[in-house]
Amino acid sequence: MSPKDQIETGWVGRATPRKEDDRLLKGGGRYVDDIEPARTLHAAFVRSMAANARITAIDVEAASRASGVRLVLTGTDIGDLNAPLPLLGGHPSLIAAKTQLPLAVDRVHYVGEAVVMVIADDRYLAEDAAALVRIDYDSLEAVVDLEQAATSATRVHDDVADNVAGVVRDRVGDPDAVFELAEHVERLHLSLERTGGMPMETRGVLADWDPREQVLHVWDSTQAPVAIKHGLCRLLKLSSEQVEVVAPDVGGGFGAKIMLFYPEEVLVPHAAMRLGRPVKWIEDRWEHFVSANQERGQTHEAEIAFDDDGKILAVRTTFVHDTGAYIPYGIAVPANTITHMLGQYRVEHYSAVATILYTNKPPVSPYRGAGRPHAVFVMERLICAVAQRLGLEPHEVRWRNLIPADAFPYDVGLTIDAPVRYDSGNYQEGMRKALIHLDPDGFRAEQASKRAEGKYLGMGMGCYIESSGPGPYEGCAARLTDAGTVVFDVATASQGQGHSTSFAQIAADAMGADIADVVVRGGDSGRVEFGIGTFGSRSLLLAGNAVATAAKALRDQLAAYVSELLECNPDDLVFADSRVSVAGTPSVSVSLAGIAALANAYGYPVVKPHDDDPQQFAALQVRAGAISAPPVFHADGYFGVGQQVFGSGVHAAIVEVDPAIGSVEVLKYVLVHDCGVVVNPVIVEGQVLGGLIQGLGGALLERLPFDEQGQPQATSFMDFRMMTVESVPEIVLDHVETRSPLNPLGVKGTGEAGVIPVSAVIAEAVEDALSPFDITITHMPLMPHEITQLIARSRVAVT
């Protein structure tokens, strides 16, 4: 290894404090609603209050005459722009793909669908005018019950038979033959209800059209500003040079802000261009409940075949997936469910069939976990059924079926979009650590003791895998500034993941720089045009490696220039602590700031950086003047991976249940995970624990129900309960690190690790606690009244 490759700063792996926190915690964040150009107008939307209805008339005359109103738009007013919004990810499995119009014209398909847009001098006037719009509806029966959607006489879309959007299938081996001969078979009817991400900051869009420059400036609380830019170019028929999209600070996303496109993201820019003034729309919380995309919502008929030793022989599931009124994200969520079902277990025979159904509810797109929690819930419930049949502990059944560490890379055999191949892992080590922290034998003794006191404690566990890094690539632009700092621009936009810190650690190591001299900026399409966005636990894997690639290319440019200054071979240079020196002669060196100054010595007065030797710097100035080739200190880096990489983990919990009122208290939660190389332990811990808290809320508190007419029954935080600090249990966090061979950094995604198995873990723990009542938990989330109902229906009386 040459000296130039010997980077000794070692920032990767450190628990470096987040660079962005000082600004954010002191109120220095800048969100869409903080941006207010002069003469900004404000938008409000008239949304359908019917879940399924034909529009017979729209009267906007009174609204158009209202005080302060500048423009009222219906679907017919925007012409060709009112076409179905893009479908993200077409697939042969889709039979009838429907996406939403920016503004409904003849038919509405869910409560919350946008029908009319009103723009006024302020939001209050816009809302007042919106209340004057009159829409006549011919109401239709709503399709609400997922299990009945395919057989309902009512159609969500008139031209879609049986409300079927698509059917997704995959298979490994010959499960049907195995089930016919299996010694044991268990079958379960399992379901998960709807929920949503509920970011602290709701959605928001601000657009400003510059008529002189013919440039559209957009600020969007989105997870994918560069993708939004390219989409707007096509939809609004503008060139790439005419559109700039910025995601400023974003207060949470969780998948709800990765739609391409929401109607508002097209309509607000259109209105700004039409009026020649800035237009802003900020979603209120009611709108978020009724019009932002949601998720979960599946029902499975699942079965498992196994032998006397608990070895899993085959698994089958046939399930329906609720895509809501539209299918903007294609098959992404049900496909994830299918490909993650087998998890960490070696199963040679498997089949899955997913029927994607339309219902009169808000559209579905991936929410943190994105189909994986469904898969783990089904598989782990089947594991418990096996354990109960054989009289074994569930963790013993899991252990007997884990894929061994020497089997990687492990080809699962599934091929919905691409071959599913686990790149690395050590599942036994993860299980071993989880069992140490859980201490099942000790718990069983405590459980028996507490039960004698009338207390019901239970233990649950769940294993998972997490695919991460959906492609195709991410890009990074790096440059050395005049001040000697190194700036890295990426397309990914942070919503709290700590990109400014973790990417800076990667760059500092690759550059041999002090992290204080590294600046990472994201979410501005004007700075870097090639990239996709932040979703699918992909940012560190793709953008992180793109940063490393750009940093190394920039370091090579610096080495070529400094080798002329110091009259040495580029391979003899050492980069460390933001300085470049000659190997073996550290006194012969120059700082990055010095390089920046010397590179343009005659373009402006040179000020010697404070940490460079005066005499040496003066000599370097003379040499710099003799270098004829202009220095180039700007490099681009790109990274893509041919397949997704797979993280993994094991969760476990101890709960106490009060059977009299159905309350569940999580006493202890153990979380062991493997995300490959850990770049920053503090950030990883924050990501994992944040996901866990969301998972606990999704298992015990959060639900988005609808009545028979498709009316949402939870439209505020009075009805939709979330976890609070008081509900957080004792948490034990541990790591297993198996480096991914598919990227130079060896990293895997971690953004969804905390949420994926939580419902499965809680279901098993509650069921274990209430084992005297002989109940089976098949539905999540699990509310107190449902627990008392299960007990009331149980076959075993309270003793």
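A residue is called buried here when its relative accessible area is under 20%. The views below come from a predicted model.

**View A. Buried residues of helix α10.** Helix α10 spans residues 394–401, and its buried residues are P394, H395, V397, R398 and N401. These residues lie on the same side of α10, because the arc they cover around the axis is only 155 degrees.

**View B. Buried and exposed sides of helix α3.** In helix α3, formed by residues 123–130, the buried residues are R123, A126, A129 and A130. Their arc around the axis is only 125 degrees, so they fall on the same side of α3. Y124 and D128, by contrast, are exposed on the other side of the helix. An α-helix has 3.6 residues a turn, so residues three or four places apart point the same way. The buried residues of α3 pack against the strands β1 (41–47), β3 (69–73), β5 (114–120) and β12 (279–282). They also pack against the helices α2 (61–65) and α7 (285–291).

**View C. The crossing of helices α5 and α6.** Two packed helices are described by the angle between their axes and the distance between the axes. For α5 (residues 225–235) and α6 (residues 263–275), the axes come within 11 Å and cross at roughly 60 degrees. Helix α5 is therefore oblique to α6. The crossing in which α5 passes α6 is right-handed. On the α5 side, the contact is made by I228, L232 and L235, and on the α6 side by E265, V266 and P269. Five of the residues in this contact are nonpolar, none is polar and one is charged.

**View D. The crossing of helices α17 and α18.** The axes of α17 (residues 681–700) and α18 cross at roughly 55 degrees and come within 8 Å. This angle makes α17 oblique to α18. The two helices form a right-handed crossing. From α17, the residues L692, G695, L696, G698, A699 and L700 meet V758, S759 and I762 of α18. By class, six residues of this contact are nonpolar, three are polar and none is charged.

**View E. The packing of helices α14 and α15.** Helix α14 (residues 539–565) packs with helix α15 (residues 592–599) at an angle of about 75 degrees, and their axes are 11 Å apart. Because angles of 65 to 115 degrees count as roughly perpendicular, α14 is described as roughly perpendicular to α15. L558, Y561, V562 and L565 of α14 make the contact with L592, I595, L598 and A599 of α15. This contact has eight nonpolar residues, with no polar and no charged ones.

**View F. The surroundings of T492.** T492 is located in the loop between strand β20 (486–490) and helix α13 (499–511). The relative accessibility of T492 is 0%, so this residue counts as buried. With neighbours within four places in sequence left aside, the residues in contact with T492 include E474, H499 and F503. Further contacts of T492 are G522, G523, G533, T534, S539 and A543.

Terms used
Residues numbered from 1 in each chain as written. Predicted model: local features only at pLDDT ≥ 70, side-chain atom pairs only at ≥ 80, totals over all residues. Heavy atoms only, no water. Axes fitted to C-alpha atoms, helices over the stretch in contact; angles between N-to-C directions. Helix = DSSP H or I, 4+ residues; strand = E, 2+ residues; numbered from the N terminus. Parallel < 35°, antiparallel > 145°, perpendicular 65-115°, else oblique. Left-handed = near helix turned anticlockwise from the far one by under 90°. Contact = heavy atoms within 4.5 Å. Nonpolar A, V, L, I, M, F, W, Y, C, P; charged D, E, K, R; others polar. Buried < 20%, exposed > 50% of the residue type's maximum accessible area, 1.4 Å probe, protein only. Arc of directions from axis to C-beta.
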